[in-house]
Amino acid sequence: MKNNTEDIIWWLDNGADTKGEWVFSFDKKRRFNMFADYPWKLTPEQKEIFDRENPYWRDFFSSWQ
């Protein structure tokens with residue numbers, strides 16, 4: 001699922017039983033856990049895309065960095 005049709009990032013459905021785990025992908029192959037992997041495991045280009053498409057989370061995490 002994409003937030004917007006023009007977005008690059010895919011948000012993956014990890015089931016109704018999973019709570020607090022937000023998984024996303026740029027290519028539907030490699031998966032990232034938002035709370036465990038952002039921003040450290042993203043390339044600079046991936047981070048720029050994530051931040052552009054998800055300004056709420058960019059601002060949320062900016063206070064942690």
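**A residue between two helices**

Tutor: In this predicted model, N54 touches N3, I9 and W11, leaving aside residues up to four places away in sequence. N54 itself is found in the loop between α2 (44-53) and α3 (55-62).

Student: Why is N54 called buried?

Tutor: The relative accessible area of N54 is 6%. Buried means under 20%, and therefore N54 is buried.

Student: What makes α2 roughly perpendicular to α3?

Tutor: The axes of α2 and α3 cross at roughly 110° and come within 5 Å. Angles of 65 to 115 degrees count as roughly perpendicular, so α2 is roughly perpendicular to α3.

Student: Which residues of α2 and α3 meet?

Tutor: From α2, F50, D51, R52 and E53 meet P55, W57 and R58 of α3. The residues of this contact divide into three nonpolar, no polar and four charged.

Student: Where do these helices stand in the order of the chain?

Tutor: The protein chain has three strands and three helices, and along the sequence the pattern is β-β-β-α-α-α.

Student: What share of the contacts with a separation of 6 or more joins residues 24 or more positions apart?

Tutor: Such residues account for 22% of those contacts in the protein chain.

Note on methods: Residues numbered from 1 in each chain as written. Predicted model: local features only at pLDDT ≥ 70, side-chain atom pairs only at ≥ 80, totals over all residues. Heavy atoms only, no water. Helix = DSSP H or I, 4+ residues; strand = E, 2+ residues; numbered from the N terminus. Contact = heavy atoms within 4.5 Å. Buried < 20%, exposed > 50% of the residue type's maximum accessible area, 1.4 Å probe, protein only. Axes fitted to C-alpha atoms, helices over the stretch in contact; angles between N-to-C directions. Parallel < 35°, antiparallel > 145°, perpendicular 65-115°, else oblique. Nonpolar A, V, L, I, M, F, W, Y, C, P; charged D, E, K, R; others polar.
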